[in-house]
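Please look over the sequence and the coordinates before reading on. The paragraphs below walk through one chain, then a contact between chains, then a single residue.

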Amino acid sequence: MPRYFFHTSDGSCDRDDVGVELADPAAARREAIRYGGSLLHDNPDIIAATNGLRVEVVDEQGQFCTAVLIHAVDAERGTRDAD
Amino acid sequence: MSEPISRMTMHNVGGADGGRLDIFLRKLLGQCRLSTIDQQHLLALPFQLRDLPAQASILHEGDSARVCPILLSGFAYRYKIAADGGRQIVSLRIPGDPLDFQSLYLQTIDHHMQALTPVSLALVPLPALEQLAEARPSIARAILVDILIEASIGREWQLNIGRRHALPRLAHFLCEFVYRMQLIFAHSSDEIEVPITQEQLADILGLTPVHVNRTLKTIEQAGAVVRKGRRLYTRDVAALAQLADFTPLYLHRDNAN
């Protein structure tokens, strides 16, 4: 089975240097979504940063496969700074 | 893959074999007190030795066991499988652990068990264990205490998987592993190899393997574990305990006092 790597960025970057063996790009895509979900479950504030959360799937050749992007859009942008 | 141990019938069971059950006795003595005579009876239990490779099946759901395997060396785990193939590891067994006390009292095995590493098992015929438990109430009590403590660890795992975030969840599991290993091997070194892959840790912790990898990296940066190639070692138990907010009360180590 091919190996896929899951890099994340949420303000700072976290490069996956181990990867996981999965059947195909579709399985890697599902894994990326689930991984993003569990990061959010752990820490909802992960997307309070300006950049949101990005989980990027890359194959063994370094080829880009999928990116899962999660953003929150607040109604009143100035509110947080005013607190 | 060969037949699970739970399908085995035993024909020629040898008598006591010089000291092989010592680690099992040590495990029980870490949990409750036993008189010298009780200890002698336990060491005199008949058993057959069996070495199995990693991944060998030990218990199979739905079977009715005739022997109680005791783990003399190596590691094994209990697991259950969901309809979609998802696997949850529900218990880790370490050297010294009896693997199927519950079949003394229950007809049918309700989960699977597999060898995590190569294992050496002592297969004790259930009738022999049953007779001993009936004849000696303090041994029956030691068996009950072992079952109770495993149930207590199971409750802690429920809390761990259900309510702790990835970092304390992984740290808690590793901390428990070190505490149990230190107790059975009576040593105090913080550096213990964790013979578990990231995929298996994912099945223990209900996390994705990628999340386990990321979390291990964080714990390694805190100096609590160290990875050498694909091998994982604990390094600083106090740091792990702090990350996990670990209290060993549920392991009932005061019970043997």
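What follows describes a predicted model.

Begin with chain A, whose secondary structure consists of two helices and five strands. Read from the N terminus, these elements come in the order β-β-β-α-β-β-α. The chain has 83 residues, and 37% of them are buried. Among its contacts with a separation of 6 or more, 40% join residues 24 or more positions apart. The accessible surface of chain A comes to about 5200 Å², with carbon and sulfur atoms supplying 49% of that area.

Next comes the contact between chain A and chain B. Chain A contributes 19 residues to the contact and chain B contributes 14. The size of an interface is often given as the accessible area lost when the parts come together. For chain B and chain A this buried area is about 1300 Å², and carbon and sulfur atoms give 49% of it.

How many salt bridges cross the interface of chain B and chain A? The rule finds four. One salt bridge pairs the side chains of K217(B) and D17(A), with an N to O distance of 4.0 Å. The cut-off for a salt bridge is within 4 Å. Polar contacts were counted as well: seven residue pairs between chain B and chain A are in polar contact, both residues being at pLDDT 80 or more.

On the side of chain B that touches chain A, at least two residues come from each of α5 (166-185), α6 (198-205) and α7 (209-221). The helix that gives the most is α7(B), with six residues. Sorted by class, this side of chain B holds five charged, five polar and four nonpolar residues.

The last stop is A224(B), in the loop that runs between α7 and β9 (225-228) of chain B. Is A224(B) buried or exposed? A224(B) counts as buried because its relative accessible area is 0%, and the cut-off for buried is under 20%. Leaving aside residues up to four places away in sequence, A224(B) touches I219(B), T234(B), R235(B), D236(B), A239(B), L240(B) and L243(B). For a sense of distance within chain B, take A224(B) and I5(B): they are separated by 219 residues in sequence, and their C-alpha atoms lie 37 Å apart in space.

Notes
Residues are numbered from 1 along each chain as its sequence is written. Chains are lettered from A and ligands numbered from 1 in the order in which they are written. This is a predicted model: local features need pLDDT of at least 70, side-chain atom pairs count only at pLDDT 80 or more; totals for chains, interfaces and linings use all residues. Side-chain values use heavy atoms; hydrogens and water are left out. Helices (H or I, at least four residues) and strands (E, at least two) are DSSP runs, numbered from the N terminus. Buried means under 20% relative accessible area, exposed over 50%, partly exposed in between (1.4 Å probe, protein chains only). Contact means heavy atoms within 4.5 Å. Accessible areas come from the Shrake-Rupley method with a 1.4 Å probe; for residues, only the protein chains shown count as cover. Buried area is the accessible area (1.4 Å probe) that two parts lose on being put together, summed over both. A polar contact is a pair of N or O atoms within 3.5 Å; within protein, one must be able to donate a hydrogen and the other to accept it, and residues adjacent in sequence count only if both atoms are side-chain atoms. Ala, Val, Leu, Ile, Met, Phe, Trp, Tyr, Cys and Pro count as nonpolar, Asp, Glu, Lys and Arg as charged, and the others, Gly among them, as polar.
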